[in-house]
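The points below are meant for someone opening this model for the first time. Please read them with the structure on screen.

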Amino acid sequence: MEPLADGEYDAIVMGTGLKECVISGLLSTQGKRVLQLDRNGYYGADGASLNLSTLFGKFQAGEPPTNLGANRDYNIDLIPKFIMATGNLTKMLLHTKVTRYLEFKSISGSYVYKAGKVLKVPATPQEALSSPLMGLFEKRRFRNFLIFIDQYKPESPETHQGRDLNTMTMRQLYTDFGLVPDTHQFISHAMCLELDEDHMDQPAASTVATLQTYMYSLSRYGTSPYIYPVYGLGGLPEGFSRICAIHGGTFMLNQDIDEVLFNESGQAYGVKAGNQMAKANMIIGDPSYFPPEKIKPTGVVVRCICLLDHPIPNTNNAESAQIVIPGPQVGRKNDIFVCAMSHGLAVASPGIYVAIVSTLIEKGNPDEDVAPGLQILGPILQRFMSVSSTYEPVSDGSDDKCFISASFDATSHFEHDVDDMLRLYERVSGTKLDMSINADSVEGDY
């Protein structure tokens, strides 16, 4: 059998999704020999950004209509997500200096759905005072709650005000400040980015940490806590791929993998492609490249890409926005996420908006699951529906040398997926990724 590329490597990475490209980029900077393969002819795998004709071709929708403008103006994400300005992905981008290859812009606003209306999540004290999300007295309690969160430091008991957030539940913390259930829901889902109500009866510490990240990210720009790369998310895996290539990594697109090879002890030692093979000490990749017994299903995600000729109603004509529809508001367990982008982010022609609705399937009918999100968009020019099963590995890879990422979740932000990415890096390398960098000291980088 002939060698595939140079034959032997420290790691073979299958897929060029963001998680896989981050891992290959980090390993290559540590002097590891990396071979990265993808069955597609483009970077990004399921997280790629496509132009208009490629998008229509992928969904077998015929030729794009002429009223949508120039093909070259489009960079539409298959899996849309915004980046928390001071979150772990931003730290990772700064740590690896991938920011030198990309330009970022702030998202115009963050919104939440309540009682049939789309309402802005307050970004300033003035907005909080005028927000219809809360009554006058609730706004004062909300302010006191945020002051506590802002000054709270786990390592400094003097900031705890007698509260032990490792034992006090999130529900008890909200109640302690006199906040009503409607406010609990909007804070938890639109700011803490919790996906359901399970966190309410768990220790508050982890939810408070995510709320602090949201608040610090919001204070950075004052419009929303999110940033986004101009020309779409496809630039992220490309940036990490460039780092890998600079450090000697080998890439092969349009390369199908027929089989992951295992020795008698059940450990992966290479991959086979036709009459070629390559060997490595470890095999890394997304779930779609591995045998069924190595992965387990975690759910089914529906995403609906919509093209509009107007901004989403009730978002102050925002050129970009994130909207969280808490599941309980529309009779669901899981939240529905809506994100919108336009020409200002170089993802669509002038006058065209890209809105993407995503959630976990609960009702067995994808159209019914995304219906609450579609209803807030107004008239839709064109829409594309995708339904995909999500998976995670059955083991950590220490025994079989198969290090598998989890599928991207249904959220419109990266926070949970980056946690999986960091765990994957730790499993692969045996150490936590050191991201100790002060983002404020590199303001110009993004």
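1. Both faces of strand β7 are covered: Gly109, Tyr111 and Tyr113 on one side and Ser110, Val112 and Lys114 on the other are all buried. Buried means under 20% relative accessible area, exposed over 50%, and partly exposed in between, with a 1.4 Å probe and protein chains only. Six of the six residues of β7 are buried, so the strand is largely enclosed by the rest of the structure. Helices (H or I, at least four residues) and strands (E, at least two) are DSSP runs, numbered from the N terminus.

2. A word on the source: this is a predicted model, in which local features need pLDDT of at least 70 and side-chain atom pairs count only at pLDDT 80 or more, while totals for chains, interfaces and linings use all residues. Residues are numbered from 1 along each chain as its sequence is written, and side-chain values use heavy atoms, with hydrogens and water left out.

3. What does β7 pair with? Strand β7 (residues 109–114) and strand β15 (residues 321–325) pair in the parallel sense over four bridges; two strands pair if DSSP finds at least two bridges between them. Gly109 stands opposite Ala321, and Ser110 has Gln322 as its bridge partner in β15. With β8, β7 pairs in the antiparallel sense, again over four bridges, and there Tyr113 has Val118 as its bridge partner. The hairpin of β7 and β8 has two residues between the strands, and Ala115 takes a positive phi near 50° in it.

4. These strands belong to an open sheet of seven, in the order β8-β7-β15-β16-β17-β14-β18, with mixed pairing. The edges are β8 (117–120) and β18 (382–393); each has a single partner strand, so one side of each is left without a neighbour in the sheet. On average, neighbouring strands of the sheet are turned by 20° against each other, direction ignored.

5. Helix α7 (residues 181–191) lies across β7 and β15 and runs at about 140° to β7. Axes are lines fitted to C-alpha atoms, for helices over the stretch in contact, and angles run from 0 to 180 degrees between N-to-C directions. Ala190 is found in α7 and is buried, with a relative accessible area of 0%. Leaving aside neighbours within four places in sequence, Ala190 is in contact with Ser110, Val112, Val121, Gln185, Tyr214 and Val324, contact meaning heavy atoms within 4.5 Å. The C-alpha atoms of Ala190 and Tyr226, 36 residues apart along the chain, are separated by 12 Å.

6. Which residues of the largest nonpolar core touch the most other members? Of its 95 residues, these are Phe145, Leu173, Phe186, Ile187 and Leu236. A nonpolar core is a set of buried Ala, Val, Leu, Ile, Met, Phe, Trp, Tyr and Cys residues joined through side-chain atoms within 4.5 Å. Not counting residues up to four places away in sequence, Phe186 touches Val112, Val121, Pro122, Leu133, Met134, Phe142 and Met191. Apart from this core lies another, of 22 residues, among them Tyr111, Cys306, Ile336 and Leu374.

7. The axes of helix α5 (residues 136–151) and helix α8 (residues 205–221) come within 9 Å and cross at roughly 95°. That makes α5 roughly perpendicular to α8; angles under 35 degrees count as roughly parallel, over 145 as roughly antiparallel, 65 to 115 as roughly perpendicular and the rest as oblique. At this contact, Phe145, Leu146, Ile149 and Asp150 in α5 meet Val208, Leu211, Gln212, Met215 and Tyr216 in α8.

8. In helix α3 (residues 88–96), the buried residues are Leu89, Thr90, Met92, Leu93, Leu94 and Thr96. Their cover includes α1 (18–29), β5 (83–84), β6 (104–106), β9 (226–229), α9 (235–246) and α11 (415–429). Lys97, which follows α3, has a positive phi, near 65°.

9. Strands β11 (residues 259–262) and β12 (residues 268–273) run antiparallel and are joined by four bridges, with Leu261 opposite Gly270. They form a hairpin with five residues between them, and Gly266 in the turn has a positive phi of about 85°. Asn263 lies in the loop between β11 and β12 and counts as partly exposed at 32% relative accessibility. From C-alpha to C-alpha, Asn263 and Asp400 are 9.5 Å apart in space, although 137 residues apart in sequence.
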